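Me: Please show me the sequence and the structure, and then take my questions on them in turn.

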Amino acid sequence: MPDIEAIKSEAKRLLQEGVVEVVVAFKPGDTPLHPQPAFFTSVDEVDNLVYNGLCQNNLATFLTRIPKDKKVGMLVRGCENRSVNALIVEKQKSRDDLFLVGIPCEGIIDWRKIVERVGEAVLAVSENDYEVIIETRDGQYSFYKNELFHESCLRCSHRNPISADVIIGEPVPETNQDLANTVVERFDSQAIEERYASFQKEAERCIRCYACREACPMCYCTECFVDHIEPRWTESGATPAGMQGWHIVRAFHQTGRCTDCGACERACPMDIKMTYLTEKLNYDMRKKYNFETGLDIETQPPFATVTLDDKNRFTV
Amino acid sequence: MRKETIMNLILEKQALPALFQSWREHYDVYLPQKMERFSHFMPLSDESVLVTDEPHNTRIPPKALFLPMTEALVEFTRFGSYEDAKQTIQPRIVFAIRPCDAQAVQLLDTSFIQEGYVDPFWVEKRAKTITIGLGCHEPCQTGFCTTVGYGPFNKSDLDVLLTDLGDLYLVETISEAGEKCFQGFPTASDEIYEQALMVQHDTHDQMPVAFETENLKEKLEQNFNSDYWEEISQSCLGCGVCTFLCPTCFCFDIVDEAQRKERVRNWDTCMFRTYSLEASGHNPRPSRVERTRQRLSHKYVYWLDQINQIGCTGCGRCVRYCPVGLDIRAMLRQAQTLPFEVSHAG
């Protein structure tokens, strides 16, 4: 775990020296399970900054909500760093107006897995190198971190920030992409009926609250396709066609833009699995185009580029 | 909010399956059952397993049984003509509804059943539903029903209230319809009844005060233009989790689904940009600041103006499932620190 005091002192320095106007990080929530995204604008406020495995949001989602000309400091893990890069590629922010404080990330703890195991009366949560220690009203529990990490984190191959301005903490070992590939290949190996059945089972639990959209850094359209009146792209209601339409098109809009941070799944109030869809698109991007999202701040995603020597004509 | 009970009976837990089967002959029976990693009110089937041991409420509030996420209002028959959508609601029993959720349905009545406007879809479902409540002897961590004037064994709008006493329930029948569901069950001894009352009182007393409600309405009203709203909405994502999972949120949007030949109403939420977006392009609630203010003010100011009751039953879902950990209890505690002047008007 990175030293929280080192993060704080860096955040303070950035504000004090006027490097940035706001530092986007986390603060304690009302319960230990839910730290909140926070926006620090003065040195005094920074004492309230926290960072731990339960910080479940992708902070890059706030980048497009802050005025474009503001100088922003942001705590970034591997996935957040890549999301920020992808946003820079899409001209949503200038790299010059950003200061990225990198945190090597071991993984994000899924609070639901804690509640499933120990109930809700959680008084405190702490972490050491291997374990998460949870104090509840009934006693103390400890679990191996791997048991509580979110699925996206278990298959993550970019835990270390790749282009941060400063890194706080020791780098963590990276894993290769085999695991992510295996997840996709396992899904692909199912019969088409099976695949459709599991897609239906997940998508049709949807209540169309769009928490997945709002939690995603890459969903920054002023008007989402589901909100269009003319033309209408999907059924509006909680009907099979409407819910499937939302999930499939949401995923497709992420092609070459998704970092598999898993923020969509963690935000979902209905525990809908959806990263398997975007992970499949990421897989295709890797295999077919040798492309991964957000590895630099110049390369356009394959589906956003047009060149004169394209083999196929551009069609919609 | 205490109501007199008609009878106090005993229901052995092991008698539940047989009881459910006997109800099934005359009613559609809805029980909280396991759905993925949470519980959800679903119709009783042969495979049904009742889930009441979660440390909290069902994920989707049972308001959905009365105001479905999507509901057809009108069916278009041919070009230019239409008829009211047909509802086919059988008489039904909702078993193990929690008091906060039943209370919420009662609050919603004041919106759907008003002088001059009675919603036929709502009314029919309400009239055909018997609600059997299960009190919360282990209140959830995020709930705050006692703070907003209700309680874990609140009887409002229930036909029956059950109190869990280990191997059995104390059954307090509140309405005649409720009593009919438990015909022939043995009367509870004074000892059992006293034991249940003790559980009810103890649980009620254990629940902490989440925030003070005194003068809260005035503070929120008088600080309409305060920076407070910006502070509390800064990290809000603008999704619909808090409102869709709220048992008292009832806003809907009416849409013509031409391909389905239906006019439907869908759940809608004041937290969405499109909710208040006008045809001209103007949006009177242009950012999450105004939308957050609307959500809190509706529950803690406008409901009070309209029916003199807080429009929140303290179920705690918005706290539990907010993707950024926003907590209405903390927001309202902070609101209590805002300046205000005692109003002498009226």
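What follows is a set of questions and answers on this structure.

Me: What kind of model is this, and how are residues numbered?
Reply: This is a predicted model, in which local features need pLDDT of at least 70, side-chain atom pairs count only at pLDDT 80 or more, and totals for chains, interfaces and linings use all residues. Side-chain values use heavy atoms, with hydrogens and water left out, chains are lettered from A and ligands numbered from 1 in the order in which they are written, and residues are numbered from 1 along each chain as its sequence is written.

Me: Which strands are the edge strands of the five-stranded open sheet in chain A?
Reply: Helices (H or I, at least four residues) and strands (E, at least two) are DSSP runs numbered from the N terminus, and two strands pair if DSSP finds at least two bridges between them. The sheet of chain A is open and mixed, with the order S2-S1-S3-S4-S8. Pairing on one side only marks the edge strands, S2 (36–40) and S8 (166–167) of chain A.

Me: Which residue in S8(A) stands opposite Val101(A)?
Reply: Strand S4 (residues 98–102) of chain A pairs with S8(A) in the parallel sense, over two bridges. The residue in S8(A) opposite Val101(A) is Val166(A).

Me: What angle does helix H2 of chain A make with S3(A)?
Reply: Axes are lines fitted to C-alpha atoms, for helices over the stretch in contact, and angles run from 0 to 180 degrees between N-to-C directions. Helix H2 (residues 78–89) of chain A lies across S3 and S4 of chain A. Its angle to S3(A) is about 140 degrees.

Me: How many salt bridges does the rule find across the interface of chain A and chain B?
Reply: A salt bridge is a side-chain nitrogen of Lys or Arg within 4 Å of a carboxyl oxygen of Asp or Glu. Across the interface of chain A and chain B the count is 10.

Me: What area is buried between chain A and chain B?
Reply: Contact, meaning heavy atoms within 4.5 Å, involves 45 residues of chain A and 42 residues of chain B. Buried area is the accessible area (1.4 Å probe) that two parts lose on being put together, summed over both. Carbon and sulfur atoms give 52% of the area between these chains, which is about 3600 Å².

Me: Which three residues supply more than any other three of the area that chain A buries against chain B?
Reply: Together they supply 17% of the area that chain A buries against chain B. They are Asp30(A), Glu120(A) and Ile207(A).

Me: What is omega of the cis peptide bond between Glu230(A) and Pro231(A)?
Reply: Pro231(A) lies in the loop between H8 and helix H9 (240–252) of chain A. For the cis bond that joins Glu230(A) to Pro231(A), omega is about -5 degrees.

Me: Which residue takes a positive phi in the hairpin of S2(B) and S3(B)?
Reply: S2(B) and strand S3 (residues 38–43) of chain B run antiparallel and are joined by six bridges, with Met35(B) and Phe38(B) as bridge partners. The hairpin has two residues between the strands. The residue with positive phi, near 50 degrees, is Glu36(B).
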